[in-house]
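Me: Hi, I'd like to go through the charged pairs in this one with you. Can we start as soon as it's on screen?

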Protein chains: 2
Amino acid sequence: MTGQVRTVDGRVAGRRGQETRQKLLDCLREMLSTSPYRDVKVIDVARMAGTSPATFYQYFPDVEGAVLEIAEEMAEDSGGLKELVDGKSWAGKTGFTTSEELVDGFLAFWRKNDAILRVVTLGAAEGDKRFFKIRMKVLNSVAAPLAEAVRNNQGKTDKTVEASAVAGALVSLLAAAAEHGKAFTSWGVKVKDLKPNLALQVYLGVTGKKPPK
Amino acid sequence: MTGQVRTVDGRVAGRRGQETRQKLLDCLREMLSTSPYRDVKVIDVARMAGTSPATFYQYFPDVEGAVLEIAEEMAEDSGGLKELVDGKSWAGKTGFTTSEELVDGFLAFWRKNDAILRVVTLGAAEGDKRFFKIRMKVLNSVAAPLAEAVRNNQGKTDKTVEASAVAGALVSLLAAAAEHGKAFTSWGVKVKDLKPNLALQVYLGVTGKKPPK
DNA sequence: ACTTGTCCTGTCATGCCGTCAGCTTACAGC
DNA sequence: GCTGTAAGCTGACGGCATGACAGGACAAGT
C-alpha cells in the first residue's frame, strides 16, 4: 500500500536514508515528550539526531508532517487494542475481568504514546482532518468492538445507534482519564482507585448491571 | 486583589497602555481561533493590533504569557457555570430539565471559549501547572456543585469521595463532548441527539435513576 | 579507476524572536 | 507656558529557525 519511502523531492530512499529518516522520527518523538509542542524546533531534532536541519527537510515538509508520520505509525499499532475486547466474555466475574483488562490495556497504550497523542488530540480539536482521522482510528479500535459488545449484552429495547453512542462515551471517558489522570486525583480519586472505578463504569455501560461482588 | 497592571519592566500601565494591552489580547484571541496554536506568531498579533512586536513584549513575556492572561480571564468567567447547578432541583421532570440546562450551558461556554480552552487543555496535558490549575477551576465550577448534588440525591451507601469521582467523570465526559463533538457524530450520534444523550448520562449519574418519561 | 545514483551538508536568503536605546506623548507642578 | 518625569511606542539589531540549492561524500556496480 505505502509504496517506497520517498524524499520530499521525489527520490526513493535507500538503506542509509531510511535509517537517518527513522532516527529523525525517533528523536522527534523523544523531543515531543520532553518539550511543549510549540517549542519543538527542527534544528533541535536534527542536532539530537547528529545531523543537519537540511537533512530533516529532505524527508519531511515540516515538523507537523513528521508528527503525522509518527501518529500514523501509532494508529497502526493501536489495532492491537481490538484484542482487548474481541471475543471476550462479559458474563459475571469474567466480564468484570474483561473490563479491568480493557481499562488497563487502554491506559497503558495511552501512556506509552502520550506525547504524540497530545498533539493528535490538539490537531483534531483544531479541525485538522488528518489528525481527526488518526484519532478516530485509535478510539475506534476500542469503540467499534465495544459497541458490538454493548449490542450483545444490553437489553433488546435500545436501538442500534445507541450502542455506538454508549461505546463512544465510554471510550471518551477512558481517553479523558488517560490524558488528564491528575484531574481525577485532584477530585479525590486515589491513583489505585482510578482503574477500578473506570472498569466499573465500562462494565455498567456494556452490561447495564452492577458487577458481581 | 490584582493591584495595578504592570509592564514587563515594571512600569505601571496607564489608560492608553491598558487599551493597547487589551487590543493585543483581543487580537491574540482572534488569532488563536483562526490559526493552529503552533503557528501563532507575535508579529502577526502585533500587526493585527496595528502595533509593533516590541510593544507586545512590553506587556507580555511571550505568547504563552499572554495566553495565560486570556485563560485566567476565562476562568473567572467560568464561575457563572455554578448557577447551572447551585440550588437546582433534581427531582422528577424538573430534575431532567436541570440536567438539560446544565449540558446546554456547559457546551455553550465551551464553544464560546473553545480556542483558548484547546490551548489550556494542551498545556495541562503537557504538565504545565498553571494551565492545569486554570483547567481545574473551569471544570470545578461545575464539578464541585455537581458533587454536592450527587451527595444529596444518591443513596446513603456511597462514601463522600465517590460523589466527587462521579461528578468528575461526568464533567470529563461533557468536556470531551464539547471538545470533540465531531467524534460523537461520527459514532452515529446525530447532532440534535447529542445534548439529550449527555443530559441523560448526567441525570443518571446524579440521581442513579432513569428519568421520568 | 570510473560512473551512477543516493545521501548529506555548507551556505544562503528570508523572516521571526526578543532586546535596547531613544524618540514621542501625556501630564503634573510651578 | 515651561519643564521634569514617567508612560508609550518603535526602529534597528544580533541571533536563530526556516527552507532551498548546489555540490561533495559515499557506496555499489562495471
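Me: Where do A:Asp44 and A:Arg47 lie in chain A?
Reply: Both are in helix α2 of chain A, residues 42–48, and they sit three residues apart, about one turn of the helix. Helices here are DSSP runs of H or I with at least four residues, strands are runs of E with at least two, and both are numbered from the N terminus.

Me: And how do their side chains meet?
Reply: In a salt bridge, at 3.5 Å from N to O. That term stands for a side-chain nitrogen of Lys or Arg within 4 Å of a carboxyl oxygen of Asp or Glu.

Me: What should I keep in mind about the model and the numbering?
Reply: This is a predicted model, in which local features need pLDDT of at least 70 and side-chain atom pairs count only at pLDDT 80 or more, while totals for chains, interfaces and linings use all residues. Side-chain values use heavy atoms, leaving out hydrogens and water, residues are numbered from 1 along each chain as its sequence is written, and chains are lettered from A and ligands numbered from 1 in the order in which they are written.

Me: Back to that pair, is A:Arg47 buried or exposed?
Reply: A:Arg47 counts as exposed because its relative accessibility is 56%. A:Asp44, at 23%, counts as partly exposed. The cut-offs are under 20% relative accessible area for buried, over 50% for exposed and partly exposed in between, with a 1.4 Å probe and protein chains only.

Me: Now helix α7. What do A:Arg151 and A:Glu148 do?
Reply: Their side chains meet in a salt bridge at 3.6 Å, N to O. They are three residues apart in helix α7 (residues 129–153) of chain A, so about one helical turn separates them. A:Arg151 is partly exposed at 36% relative accessibility, and A:Glu148 is partly exposed at 39%.

Me: What about B:Glu148 and B:Arg151?
Reply: Those side chains also form a salt bridge, at 3.6 Å from N to O. B:Glu148 is partly exposed with a relative accessible area of 40%, and B:Arg151 is partly exposed at 37%.

Me: Which residues does A:Glu64 link up with?
Reply: A:Glu64 is in a network of salt bridges with A:Asp128 and A:Arg130.

Me: How many salt bridges are there over all chains?
Reply: The search of the whole structure finds 25.

Me: New topic: what does UniProt put on residues 18–78 of chain A?
Reply: The unreviewed entry annotates them as "domain: HTH tetR-type". UniProt positions are given in the numbering used here, feature names are shortened, and annotations may be inferred rather than shown by experiment. In the model, that span is 72% helix and 0% strand, and its end C-alpha atoms lie 23 Å apart.
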